[in-house]
Amino acid sequence: MKKIISALLSGAMALTMVACSNKQDNSSNDLTKVTLMLDYTPNTNHTGFYVALEKGYYEEAGLDVEIIEPGDNATTSMVATGKADFGVSYQEDVTYALTAQEALPIKAIATIIQHNTSGFVSLKDANITCAKDFEGKTYAGWGAPSEEAVIQAVMKKEGADYSKLRIVGADGSGIGGLSAETGEDKVNLHWEFYGWAVLRAIMDGYDVNYLPLNELDSRLDYYTPVIITNDDMIKNNSEICEKFMEATKKGYEYAIENPDESAEILHDKALSDLDLEFLKKSQEYLSQQYALDADSWGVMKDEVWDNYTDFMFEYGLIDHKIEASQQYTNEFLG
């Protein structure tokens with residue numbers, strides 16, 4: 001993983017940025033230009049950003065925010081090198097970056113969602129109702145070391161034999177490619193986010209079982225996704241960080257209170273080719289998750305960072321632990 005991070009950092013200069021946001025009419029002299037790089041193509045994890053753009057929250061804060069997609073470039077390394085001012089990443093990627101041999105100068109400044117909303121999905125006819133049932137089945141994934149560690153952990157907790165699970169690479173067919181049958185050419189399990197792939201499958205008529213990761217092992221209730229910036233921004237441009245987060249927070253708070261309208265904004269500004277009914281269903285779910293059990297949107301806790309850092313160390317994903325305070329800050333959340 002350290003080599004991967006180093007390679008990504010080396011290739012960071014090759015970015016071709018594709019704008020996904022509205023450009024403000026104000027001159028560059030009036031507004032401070034900042035870039036936000038997503039972790040993936042736009043989806044309902046990102047709604048608050050688009051709401052903040054549409055409602056003028058960024059402009060009111062004196063910012064001209066451009067939202068860009070990562071393309072072939074890793075968001076974490078792009079933010080670390082200042083090629084993007086802010087980015088959407090994941091708790092585990094932040095920990096990887098900060099424990100690498102050549103640590104990247106980044107920090108998480110907000111969590112978009114309070115709890116991990118991903119889990120394992122299978123067809124109901126496959127009768128996979130717990131991690132013990134993974135034995136004798138086939139899982140299709142993306143091949144990350146953390147992925148295998150998570151599966152090992154949830155199976156170990158239930159006394160299941162990890163060696164009895166066959167793991168193959170995902171072919172992009174999604175939940176539609178799952179089978180209730182076992183065999184060399186059959187896939188029975190995926191790891192998906194409920195508010196996107198699983199809800200879509202249910203709306204499409206698939207009868208599925210879903211095992212939330214945070215219910216299988218409390219250590220796996222980590223922050224995903226998070227907003228990151230680099231140390232230079234925090235040290236030398238703290239006012240911009242404060243303005244960006246104030247406006248972003250307003251965007252997510254609006255989405256929490258107005259899920260249907262917010263889904264329409266996301267649809268109009270970034271996802272006009274997707275079914276609006278699905279986006280509204282997804283947004284209805286995520287609007288309830290953004291600040292669930294939290295005093296306010298975005299705030300993070302030491303215990304969540306410590307729990308997953310301990311997990312990553314236990315399974316050999318990192319070679320040393322790092323304090324939660326070195327990985328995140330709530331200072332820009334008001």
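**Ground rules.** I call two strands paired if DSSP finds at least two bridges between them. My strands (E, at least two residues) and helices (H or I, at least four) are DSSP runs, numbered from the N terminus. This is a predicted model, where local features need pLDDT of at least 70, side-chain atom pairs count only at pLDDT 80 or more, and totals for chains, interfaces and linings use all residues. Residues are numbered from 1 along each chain as its sequence is written, and side-chain values use heavy atoms, with hydrogens and water left out.

Entry 1: I found an open sheet of five strands in the order 2-1-3-10-4, with mixed pairing. Which strands stand at the edges? They are strand 2 (63-68) and strand 4, and each has a single partner strand, so one side of each lacks a neighbour in the sheet. From one strand to the next, the twist averages 30°.

Entry 2: I followed strand 1 (residues 32-37), which pairs with strand 2 in the parallel sense over six bridges. Opposite Val-34 I found Val-65 of strand 2.

Entry 3: Strand 4 (residues 106-111) runs antiparallel to strand 10 (residues 226-230), and five bridges join them. I noted Val-226 of strand 10 as the bridge partner of Thr-111. Is strand 4 mostly covered or uncovered? It is mostly covered, with six of its six residues buried (under 20% relative accessible area; exposed is over 50%, partly exposed in between, with a 1.4 Å probe and protein chains only).

**Entry 4: helices 2 and 11.** Helix 2 (residues 47-54) packs on helix 11 (residues 259-269) at about 85°, with the axes 9 Å apart. Axes are lines fitted to C-alpha atoms, for helices over the stretch in contact, and angles run from 0 to 180 degrees between N-to-C directions. That makes the two helices roughly perpendicular (65 to 115 degrees; under 35 is roughly parallel, over 145 roughly antiparallel, the rest oblique). In contact (heavy atoms within 4.5 Å) are Thr-47, Tyr-50, Val-51 and Glu-54 of helix 2 with Ser-262, Ile-265, Leu-266 and Lys-269 of helix 11.

**Entry 5: helices 5 and 13.** I saw helix 5 (residues 91-99) pack against helix 13 (residues 302-314) at about 65°, with the axes 11 Å apart. Residues making this contact include Val-94 and Tyr-96 of helix 5 and Trp-305 and Met-312 of helix 13.
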